[in-house]
Amino acid sequence: MLGEFEYLLLAAATKLGDDAYGAAIRQEMEVATGRRCSIGALYTTLDRLEAKGFIQTRMGDPTPQRGGRPKRMVLITGEGVREATEFFDAVTRASRGVSWAKGDEVTP
Amino acid sequence: MNGHGMTWWLVEVFSRMLARDERDAVRGDIAESGEGGWQALRDVLGLVVRRQAALWKGWRPWLGFAALAVPLGMELGRASLRTAHTSSIYIWMYANNWDWSLFRYAGFRHDLIYYAATYALAYLTLACSAWASGFALGWLSRSAIPLNAGMFCLTVMLAKSPLAPFRDMPGGGNAPGICAGVLSHRVSMDRAGNLGSAPRALGNAIGVEGEDGMIARFALFVVLTGMAAGAERAVLQPAGQRKAAPEFALKDSSGKTVTLKKLRGKVVLLDFWATWCHGCKEEIPWFADFQRRYGKQGLQVVGVSLDDEGWKVVKPFLGQTDVPYRIILGNEPTAKQYGIENMPDTYLIDRQGRIAAAYIGLVDKDDVEANLKAILKQR
């Protein structure tokens, strides 16, 4: 099963689609969580997800705003989509009936 | 250099500890996000620490540490102390009793030349030993060089400690030995194939006799080990983890455009070379041999010349050399995409256009051949 950070990364990469790469994913995750995402955590998680076969990465084209350096482009695989879906379902099921779940009864 | 400049310099230094692709991607991300120097340094350091920590899960860094860094560091430290101790006596003696009139005596001149030559060779031997130790260590676990280099230097310096085993000589440490050790790590990491000064240093070292002869023999052993181990080997990436090789469209000597895309379905040995590069010229007969023997199985060797003078120098060279494979003229964008900083650099690209192995520096011919055979079998 995915970890929380892995799920957030997959969700961000899926949202970004063809524009998913290191800096963009990082920004998307920071917006979603309101927390800073370190480059170390991002890149080691990318490697882990790639090793598990949940994403594929390739080096993209260099751009001037990046000082002529290439991007590490990220593509989520079918297996990655399945894992993310399972994680989401599990979290949704686990959250049913708890106080913070939207639309549920308050059961402190 | 002000604080701001120093921070970015540190970012540059630490990011060099990352793999080439990752370094480019991370530095690009930092540039794009507009981070300040300290934030960038924190990010790069965080990633470097994580990468280094992950490396120590494997056996190679531990073997390098236990079998090379500690024993060689200890031996170098001891040899440094011994050399420093004996040489300092003579240096002190000559410095404090110096009298130009003594040059009249043949015995004085003879002794001065003898001791100066003896200790110059001893110091050279030490530097040579340190270089070779670092080279062997760097080869064993290239990625773990920063940590093992630190451990190695620590061990060398610990030889000065009163608690160090076999510490039988008083006196100061030997800076050239230690510095050369650190330097050799760096050199072996960057360019395994361009270390032509080693044989000369080795030759000098062999000439040392007496107590220092022990150091020379030690240096001989370590240098040979280091040199034998020094040629570049590469780990064949599992098919699932390979990354696409950057595309290129470059012209050959007849003006025809060669693209990587057109070579899909073939295994490509991509060699970045130049006519002035000694290591590159050494590899050309090996690659020619591969092209002849494995061409029918789907191998295509492609030589990308990065000579600034272009065909003006490449064509005459090809006229004198037997090169049975395609040579194209490279350019800066292509070199940058492949992260070429020095040469030779060689990439083995599988039939799907993905990088299966990368060699930085002079290749180990047998290792390339073994990897080529494995890739040619893959469909």
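1. Two strands pair if DSSP finds at least two bridges between them. In this predicted model, strand β4 (residues 267-273) of chain B is joined to strand β5 (residues 299-305) of chain B by seven bridges. The two strands run parallel. Within β5(B), V302(B) is the residue opposite L270(B).

2. Where do these strands sit? They belong to an open sheet of six strands in chain B, in the order β1-β8-β7-β4-β5-β6. The pairing is mixed. The edges are β1 (243-244) and β6 (326-329) of chain B. Each has a single partner strand, so one side of each lacks a neighbour in the sheet.

3. Which helix lies across β4 and β5 of chain B? It is α10 (residues 278-294) of chain B. Helix α10 runs at about 155° to β5(B).

4. Chain B as a whole has 13 helices and eight strands. Of its 379 residues, 38% are buried. Take the contacts in chain B between residues at least 6 apart in sequence: 80% of them join residues at least 24 apart.

5. Now chain A, starting with helix α1 (residues 4-16). Its 13 residues should span 18 Å at 1.5 Å a residue. The end C-alpha atoms are 19 Å apart, which agrees. Buried in α1(A) are E6(A), L8(A), L9(A), L10(A), A12(A) and A13(A). Their cover includes α2 (22-33), α3 (39-52), β1 (55-63), β2 (69-76) and α4 (78-95) of chain A. After α1(A) comes G17(A), with a positive phi near 60°.

6. Helix α3(A) has 14 residues and should span 20 Å at 1.5 Å a residue; the distance between its end C-alpha atoms is 20 Å, which agrees. Its buried residues are I39(A), L42(A), Y43(A), L46(A) and L49(A). They cover an arc of only 125° around the axis, so they lie on the same side of α3(A). An α-helix has 3.6 residues a turn, so residues three or four places apart point the same way. Just after α3(A), G53(A) has a positive phi of about 85°.

7. How many residues does each chain give to the contact? Chain A gives 21 residues and chain B gives 20 residues. On the side of chain A that touches chain B, the elements giving two or more residues are α2, α3, β1 and β2 of chain A. The largest share, six residues, comes from α3(A). By class, this side of chain A has six nonpolar, eight polar and seven charged residues.

Technical notes
Residues numbered from 1 in each chain as written. Chains lettered and ligands numbered in written order. Predicted model: local features only at pLDDT ≥ 70, side-chain atom pairs only at ≥ 80, totals over all residues. Helix = DSSP H or I, 4+ residues; strand = E, 2+ residues; numbered from the N terminus. Expected span 1.5 Å × (residues − 1). Buried ≥ 20, exposed ≤ 12 C-beta atoms within 10 Å, placed from the backbone. Contact = placed C-beta atoms within 7 Å. Nonpolar A, V, L, I, M, F, W, Y, C, P; charged D, E, K, R; others polar. Arc of directions from axis to C-beta. Axes fitted to C-alpha atoms, helices over the stretch in contact; angles between N-to-C directions.
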